[in-house]
Amino acid sequence: MKIHEKYILRCIQVAKNGLGSTFPNPMVGSVVVHDNEIIGEGFTSPFGGPHAEVNAINSVKNKALLSEATLYVTLEPCSHHGKTPPCADLIIEHNIPHVVIGLLDPHIKVAGNGIKKLQNAGCQVVVNVLENECRDHHKRFLTFHEQKRPFIILKWAETADGFLAPEQSLREEEPTPYWITNVQSRQLVHKWRSEEQAILVGTHTVLKDNPKLNVRSWHGKSPTRIIIDRNLKVGSDFHVMDGSTQTIVLTQIEHSKRYVPGIEYEVIDFSKNVALQICEVLYRHNILSVIIEGGSKTLQMFLDNDIWDEARVFKGASRFGKGLQAPMIHSLPVLKKSILTDTLFIYNNV
């Protein structure tokens with residue numbers, strides 16, 4: 001393995017420590033190398049805190065070594081003032097002579113300016129090392145800035161015979177919860193929630209299941225809740241309206257007197273493409289990623305419009321015989337994994 005690739009891979013590993021906490025900033029990783037030895041490393045702090053390069057430089061005990069070191073980073077150092085000063089300025093201030101970058105930053109305020117600033121200061125810059133790996137790592141940030149929408153993950157669980165939920169008559173006969181997946185799979189879903197910026201469901205899912213849509217079986221921040229509620233059928237007594245985390249309701253009702261205090265509302269036109277309008281709303285709210293957990297109509301809407309990036313599908317061991325049919329994906333999974341009695345399939349929309 002080439003030396004630059006070795007350290008960019010380490011940057012990607014370090015960066016994953018920021019998964020779920022850096023939004024709307026990208027989860028960047030950085031390492032500082034002197035004489036083929038890592039002397040500092042860091043990842044992006046929660047939003048408003050220091051960036052990866054700052055944390056990596058600050059972690060170096062002997063700052064005198066920086067003038068002979070190489071800084072590696074997954075994404076181009078910023079060159080503008082935001083919540084924090086430009087990372088490029090700090091690199092220049094410490095006279096770091098070599099910078100190796102995995103990927104150019106597509107953000108309009110950066111977009112090559114960070115590299116120019118470094119080069120103008122006499123720094124030797126190498127770009128696009130392990131570019132594909134860095135693109136995959138920064139897929140949420142890149143989708144948001146290049147496609148002007150969040151990275152979209154579809155998630156559902158289906159029975160061995162392909163149903164999302166049992167027929168209503170079965171629920172009436174036996175009104176107990178109909179779990180499709182096991183405890184370990186359900187815990188994994190909470191881990192996923194902690195890693196994404198938002199979670200989205202439709203009206204039917206809320207009315208039927210009264211979900212909390214938060215993180216309970218894992219450590220991490222609960223995602224912003226996005227609820228599709230065309231006619232405001234979801235009352236203030238439902239869990240999603242408890243104000244415990246940011247919640248945005250997408251509706252056609254413009255009468256603010258019907259709005260629940262503490263909840264944000266966005267009016268969209270349900271006679272037009274709803275999936276596209278949802279993407280536009282989430283983009284306006286600076287939401288880089290969303291996990292769509294249902295129901296069937298909502299999932300199918302994004303599949304039919306081909307507006308999705310990844311699908312995570314659990315197949316449980318139970319059978320319903322009849323009920324609500326699960327969506328269909330007409331492609332091969334990129335990953336198949338057993339979780340005790342369940343099987344997880346991962347699909348990429350390429």
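What percentage of the 350 residues in the protein chain do buried residues make up? Buried residues, meaning those under 20% relative accessible area (1.4 Å probe, protein chains only), make up 53% of the 350 residues. This is a predicted model, in which local features need pLDDT of at least 70 and side-chain atom pairs count only at pLDDT 80 or more, while totals for chains, interfaces and linings use all residues. Residues are numbered from 1 along each chain as its sequence is written, and side-chain values use heavy atoms, with hydrogens and water left out.

**View 1. The protein chain has eleven helices and 16 strands.** Helices (H or I, at least four residues) and strands (E, at least two) are DSSP runs numbered from the N terminus. The C-alpha trace of the protein chain spans about 75 × 50 × 30 Å along its principal axes.

**View 2. Helix 4 (residues 113-120) has Gly114, Ile115 and Leu118 buried.** These residues cover an arc of only 100 degrees around the axis, which puts them on the same side of helix 4; the arc is that of the directions from the helix axis to the C-beta atoms. On the other side of helix 4, Lys116 and Asn120 are exposed, a term that stands for over 50% relative accessible area.

**View 3. The buried residues of helix 4 pack against helix 3 (87-93), strand 4 (98-101) and strand 5 (124-126).** Contact here means heavy atoms within 4.5 Å.

**View 4. Gly122 follows helix 4.** The phi of Gly122 is positive, near 95 degrees.
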